[in-house]
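Here are some notes to go with the model, written as numbered points. Keep the viewer open as you read, and take the points in any order you like.

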Amino acid sequence: MSFSSKGPIRLTGSGSTRCSGRVEIYHNNSWGTVCDDGWDLNDAEVVCRQLNCGSALEVPPSANFGAGTGQIWLDNVTCSGNESSLTECQHSGFGSNTCEHGQDAAVICSDLIRLVGSGSSRCSGRVEIFHNNIWGTVSDSNWNLNDAEVVCRQLNCGSALEATQSSKFGAGTGQIWLDNVTCSGNESSLTECQHSGFGSNTCEHGQDAAVICSDLIRLVGSGSSRCSGRVEIFHNNIWGTVSDSNWVLNDAEVVCRQLNCGSALEATQSSKFGAGTGQVWLTGVTCSGNESSLSECQHTGWGNYYNYYNYYNNYYYYYNYYGHYYDVGVICSGEKPL
C-alpha cells in the first residue's frame, strides 16, 4: 500500500501512486474514507491541490482503488474547487452518511505536470512542470521514449507514442526547469528521473520537449502495425476490447485521430486482427467522428454487454454481442505529421 499525505489527508489503496488513490482523511484519531455521492472534479481538485499533486485528471467511481475499512468520515461533499482543504467544503457532517465502502471516493491527479502548446490535446503537447510556484519547460537534450513513457503514465495518458523535440508544440516562455533528463521508463514521475538539476541548463525554448501519448488506447493483434490492429482500451487497470455492434468508420476515425494515425481507412469487425482475451469493455459505440477520444462517444456502459435486437422487414433479428469473436479493429492511413 502506498499513500501521500500532507495534513490530515492521504491517497491509498490497491494500485495507488503518490498522486492517485482512494481518498482518506484523519479525524478523531483515526483514518476514514469519503463517500462518492456527488463526488466530482471540483472535489478532486481540492484534494490534488491539498496534496501538492497538481490538477485533478479523473474521479474514478465505486471504490476504484479498493474498498477501505472502518469509518466513512464524509458524505455529500460539495466543493467549489477553490478550498484549501477538503474539510472546508460543504458535507453532511463527520461520520454522517448512508454509504458503504463500495462507494469510497478516489482521485487521479496530474502530479504538477501538464501538456500544453499549439494543437495539443489532453494527452499530447509540450511538457511543462511546476516548481517553485512557476510553470516551466523541459529541454529536449537526450529526450527519448523512456522519458515520454514516464510523462504519459504520470498523466494517466496510456503509453508514449512519440517523444518530440525542437518545440514541435510551440516554444514555451519563462523558466526551463529540466535538462538532460534520463529516465529508465519505470519512474512514477518525471522529477524522479536523473537530470541536471532544477533550472540548470544551457538551452533555449526552441529545444522544448514534448510527448504524444496513446490516451489509454492501443492497436494490437496479428499482422498489425502501429496504425492498424485490434482496438483495446485501458479501464479499471485492465486492458480490454470493443465489440463491433454499430462499429463504423466514424468510430474508427476517432481512434485513428486519438493515436495520431491519420484518417480511418477501414472499421473492421469480427476480430479481423485476432480475438482478444479478458474483458470486453465497450459495445454499442456511437461516435460523431469529432470526439477527442473513444471513451467520449456514446456506448452502453463500461463492461455492459447486451443482447441486441434489430427490426428488419417485419422480423426481429437477435444478436448476442458477448465474446471476443466480435472484437473490432481499425486500419488507419498512417502517422499524421503535426
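1. How many bridges join β15 to strand β16, and do they run parallel or antiparallel? The count is 4 bridges, and the two strands run antiparallel. Strand β16 covers residues 238-242. For a place to start in the viewer, find H235, which stands opposite I238 in β16. Please keep in mind that this is a predicted model.

2. One of the residues of interest here is E232, which counts as buried because its relative accessible area is 6%, under the 20% cut-off.

3. E232 also has a charged partner. Its side chain meets that of R218 in a salt bridge, with 2.8 Å from N to O. The pair links distant parts of the chain, since R218 sits in strand β14 and E232 in strand β15, 14 residues apart. R218 has a relative accessible area of 31%, so this residue is partly exposed. In general, side chains of opposite charge can pair when their charged atoms come close.

4. Besides the salt bridge with E232, R218 lies over the face of W239, at 4.0 Å from the ring centre.

5. A search of the whole structure finds 8 of them. One joins R22 and E24, whose side chains meet at 3.0 Å, N to O. Both R22 and E24 are buried. This pair belongs to a network of salt bridges that links R10, R22 and E24.

6. Another salt bridge to check is that of E162 with K168, where the closest N and O atoms are 3.1 Å apart. Are the two residues buried or partly exposed? E162 is buried, at a relative accessible area of 18%. K168, at 35% relative accessibility, counts as partly exposed.

7. On to the aromatic rings. The count comes to 6 aromatic pairs. Among them is the pair of Y26 and W31, which is tilted, with 5.1 Å centre to centre and 55° between the planes. Y26 is partly exposed, with a relative accessible area of 39%. W31 is partly exposed as well, at 27% relative accessibility.

8. How are the rings of W281 and W302 arranged? Their centres lie 6.2 Å apart and their planes stand at 80°, so the pair is edge-to-face. W281 belongs to strand β18 (residues 280-282) and W302 to the loop between β18 and β19 (307-312), so the pair ties together parts that are 21 residues apart in sequence. W281 counts as buried, at 7% relative accessibility, whereas W302 is partly exposed at 34%.

9. Finally, some figures for the chain as a whole. The secondary structure comes to 3 helices and 21 strands. The chain has 338 residues, and 50% of them count as buried. Among contacts with a separation of 6 or more, residues 24 or more positions apart account for 67%. The accessible surface is about 15200 Å², and 45% of that area belongs to carbon and sulfur atoms.

Note on methods. Residues are numbered from 1 along each chain as its sequence is written. This is a predicted model: local features need pLDDT of at least 70, side-chain atom pairs count only at pLDDT 80 or more; totals for chains, interfaces and linings use all residues. Side-chain values use heavy atoms; hydrogens and water are left out. Two strands pair if DSSP finds at least two bridges between them. A salt bridge is a side-chain nitrogen of Lys or Arg within 4 Å of a carboxyl oxygen of Asp or Glu. Buried means under 20% relative accessible area, exposed over 50%, partly exposed in between (1.4 Å probe, protein chains only). Contact means heavy atoms within 4.5 Å. Accessible areas come from the Shrake-Rupley method with a 1.4 Å probe; for residues, only the protein chains shown count as cover. Rings of Phe, Tyr and Trp (its six-membered ring) pair if their centres lie within 6.5 Å; planes under 30 degrees apart count as stacked, over 60 as edge-to-face and the rest as tilted. A charge sits over a ring if NZ of Lys or CZ of Arg is within 6 Å of the ring centre and within 35 degrees of the ring normal.
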